[in-house]
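Q: I would like to go through this model with you, a few residues at a time. Could you take my questions as they come?

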Amino acid sequence: MIDVLDAVKTYGSVRVVDGVRLTLPAGGLTSIVGPNGAGKSTLLSLIARLLEMDGGQVLVDGLDVTSTRSDVLATRIAALRQENHLTSRLTVRDLVTFGRYPHSKGRTTPEDLEHVARALEFLDLEPLADRFLDEMSGGQRQRAFVAMVLCQDTDVVLLDEPLNNLDPRHAVAMMERLRAAVDELGKTVVLVVHDINVAAHYSDHIVAMCDGAVMVEGSPREVIRPEVLSSVYGLPVEVHEIAGRPHATYFPPGRPSVTFSIA
Amino acid sequence: MPRLGAVAGVVGLLTIVSLFVGVGDVTPASLANAVFGADDGSRHDVLLVLASRVPRTIAILLAGAGMAIAGQIMQLLSRNRFVEPSTAGTVESAAIGILAVTVLAPGAPVMVKMLVATVTALAGTALFLRILRHVPLRSVLVVPLVGLMLGGIINAVSTFFAYRLDLVQSLNTWMTGDFSGVLRGRYELLWLTFALVVVAYLVADRFTVAGMGQDFVTNLGMNYRAVLALGLSIVSMVTAVVVVTVGAIPFLGLVVPNVVALMFGDNLRRTAPWVALGGAGFVLVCDLLGRTVRYPYEVPIGVVVGVVGSAAFLFLLLRRGARVA
Ligand SMILES: Nc1ncnc2c1ncn2[C@@H]1O[C@H](COP(=O)(O)OP(=O)(O)OP(=O)(O)O)[C@@H](O)[C@H]1O
Ligand SMILES: [Mg+2]
C-alpha cells in the first residue's frame, strides 16, 4: 500500500510535483501516464526516496520513506529509474546479484542464487549472464536492470519506463511477468509507461498526470476515453473497442497510400 | 584468462629476484653459505639483505598493492576511470599536511605526520568531490583535469612555503617515490596499508555499488554518505602512509585498476585480489627495471612507473577501441 500525501518537489521556483495525493492499494498494477515533463519520474523517485521531498509525505506500508531506515525500506520497495548509466564494468550476473544485497548484505546464500537464476530466466538473460553490460544492446541492458530490481523481491516495485528499448516480444514478456507477480505473488507494481495501450491492457489502475498534478485516475475503462486522453496529451485521441477492450489510436488520418509504377 | 594463482606465483618469483638484485652481491649460494656455513665474511651479506633488501621489497609490495586499491576505490567513488590519488589532489594534500607538521612540530614522530597527512588528504579529496558537484559538464576528461588543477594549486602553496623555509628538498622526497632509502625501522608504517586493503576487501560490495551511482546505493538500502566517507578515509590514509614513508607513486592507481577492469570488470569483491597483486607486481617490476637499466645507479621509481605506466595505458586505450566483445 502506497500513500502519497500532498507530495511536493520544487526546482527553483517551479513545482514539478505539486501536492500530489494518491492512494495505491496493495496488490495491483498501476500505470502512470502523461506527457513529457508531467512529473511522473519525479513522483516515482519521491516514492522510492531517491529524491528529497520539499513537502508532504509518502508512506509505504505505513512507513514514512523519509524517516524509515534505508536498509529496512530496501527489503520492501525497489525502484528503477528511467535512465541508468553505469561507468563501471559489471556482468549481468553481478548486477542482478546485487539486487539481493538488501537481503544477503553481501553474503550470498543458495536461496539468493535461486532468486538470481529465476530473474535471469524470466528476462531471457541466461545466455547473456556473463557478458559485461557495456558490451550489450540497449534492450538487453534494460532487461538486466529490471532483472536486478525483480531480484530484490520486494512487495512494492516501481519501474520508470521499463519497456524502453524493448522489442515487442520482450515487452509483452515483461508485462506478462509483472502481471503474474501481481496476480500470483500479490506484489504492488507501479509503472510509468508511454504506450497507452500497454497501460490499458495490463493495469488495474491508471493515473494520468499533467503539470505536476494528478489529472485523472481510475480503472482503464474510466481513463481510456477519448475526451480524457485528448486533454491529457493535448492530441486528438480516438478509442476503439477491439476484442472487448478499449484501444486508443492517435495517429492523424492516414495519407492516401502512394503506389509507384514503372511506366 | 590468467589465473590468480599463476600471477601470484610470478609476483612471488619476482619478490625473490628483487632480494638478490642490487649493489653488493648477494647470491642464493652466498646466502645459504652465510646461514649454514661458518664464514663470518658472508654474514655481512646476510645483514645487508636483512637490513635493506627485505624491507625494501616488502615496502614495494605494500605500497604497490595499497596505491592500486586506493586508485580503484577512487574510480568507483568518483565514477570516473581517470581518477586516482594523484589526479584528485589527494597526494598533494597529504604532502602539505606533512609539510605543516615538519614546520610546526619538527620533532613529531612519523605517526603524527601520517595522521595529519591523512586528515589533509581527506579534506583535499572531499574538496575535489565537492568541486565536481558544481562542474556543469562532467565529461570523462574534465574530471581528472579538475583534480590535476586542484593538485597543482595545493602543490604551489606547499612549494611557496617549502621554498621560504628551505624545505624544497623534503617536499620533493614526498612527491617522488623512491625506495632506495627504505631501511628497517623506517617502513613499518606501510603495514597499515595492508590492514586498509583488507578492510576495503571486506566492504568491497559497498564500493562496487557506489560505482553504480547514488540511486543504486539508496535503492539497495546503503547510506551513500557513509560509503563515501569510508572509501575516502581508506584512500586518504593509504596515500598518507605511502607519501610519508616512500613518497608518491603516480599513475599506478590508474594503470592497474584499468587493466584489471578490462579483463575482469569492476566487481571489487572479485577484482580486489587482482588489483592488489597487480599493483604489487607492477611496482616490483618497475623497481627492478630502475635498479638494473643504469646499474650501478638507480633510476627513481616515479620515473620508471611514469614511463612504463603511460605506455601500458596508451596501449590499453588503443586496444580497447579495437576490441570486439
Ligand atoms: N534536476 C532537475 N532540475 C530542474 N528541473 C528538473 C530536474 N529534473 C526534472 N526537472 C523538471 O521537472 C519536470 C518533471 O520531470 P520528470 O522527469 O518528472 O518528467 P516525466 O513526467 O518523467 O517526463 P518524461 O515522460 O519525459 O520522462 C520537467 O519539467 C523537468 O524539466
Ligand atoms: Mg520520466
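Q: To begin, where does B:Phe251 lie in chain B?
A: B:Phe251 lies in the loop between α11 (224-245) and α12 (252-264) of chain B. Helices here are DSSP runs of H or I with at least four residues, strands are runs of E with at least two, and both are numbered from the N terminus. Please note that this is a predicted model, in which local features need pLDDT of at least 70, side-chain atom pairs count only at pLDDT 80 or more, and totals for chains, interfaces and linings use all residues. Residues are numbered from 1 along each chain as its sequence is written, chains are lettered from A and ligands numbered from 1 in the order in which they are written, and side-chain values use heavy atoms, with hydrogens and water left out.

Q: What is the phi of B:Phe251?
A: The phi of B:Phe251 is positive, about 80°, although the residue is not a glycine. B:Phe251 counts as partly exposed, at 25% relative accessibility. The terms are set as follows: buried means under 20% relative accessible area, exposed over 50%, and partly exposed in between, with a 1.4 Å probe and protein chains only.

Q: And in chain A, which phi does A:Asp211 have?
A: A:Asp211 has a phi near 50°, a positive value in a residue other than glycine. A:Asp211 sits in the loop between β9 and β10 of chain A and is exposed, with a relative accessible area of 67%.

Q: Back to chain B: how many helices and strands are there?
A: Chain B has 14 helices and 0 strands. Of its 325 residues, 51% count as buried.

Q: What about contacts along the sequence of chain B?
A: Contact means heavy atoms within 4.5 Å. Among contacts in chain B between residues at least 6 apart in sequence, 76% join residues at least 24 apart.

Q: Is B:Thr125 buried or exposed?
A: B:Thr125 counts as buried, at 0% relative accessibility. It lies in helix α5 (residues 110-134) of chain B.

Q: Which residues does B:Thr125 contact?
A: Leaving aside neighbours within four places in sequence, B:Thr125 is in contact with B:Met74, B:Ala88, B:Thr90, B:Leu232 and B:Ser236.

Q: Another threonine, then: where is B:Thr102 found?
A: B:Thr102 is found in helix α4 (residues 90-104) of chain B. A polar atom of its side chain lies 2.6 Å from the backbone oxygen of B:Ile98. A polar contact is a pair of N or O atoms within 3.5 Å; within protein, one must be able to donate a hydrogen and the other to accept it, and residues adjacent in sequence count only if both atoms are side-chain atoms. Not counting residues up to four places away in sequence, B:Thr102 touches B:Lys113, B:Leu167 and B:Trp174.

Q: Turning to the metal, which protein donors does the magnesium ion (ligand 2) have?
A: The protein donors of the magnesium ion are A:Ser41 (OG) and A:Gln82 (OE1), lying 1.9 to 2.1 Å from it. A:Ser41 lies in helix α1 (residues 40-47) of chain A and A:Gln82 in the loop between β6 (77-80) and α3 (92-98), so the pair ties together parts that are 41 residues apart in sequence. Donors are N, O and S atoms within 2.8 Å of the metal (3.2 Å for Na, K and Ca); water is not among the atoms, so sites may look incomplete.

Q: How many residues surround ligand 1?
A: Ligand 1 is surrounded by 13 residues, and the closest are A:Gly37, A:Lys40, A:Ser41, A:Thr42 and A:Gln82. A residue is near a molecule or strand if one of its heavy atoms lies within 4 Å of it.

Q: Which side chains have polar atoms by its oxygen atoms?
A: A polar side-chain atom of A:Asn36 lies 3.0 Å from an oxygen atom of ligand 1. For A:Lys40, a side-chain N or O atom is 2.7 Å from an oxygen atom of the ligand, and for A:Thr42 the distance from a polar side-chain atom to a ligand oxygen is 2.5 Å.

Q: Last topic: how many disulfides are there over all chains?
A: The count is 0, where a disulfide is a pair of cysteine sulfur atoms within 2.5 Å. A:Cys210 counts as buried at 18% relative accessibility, and B:Cys286 counts as buried at 1%.
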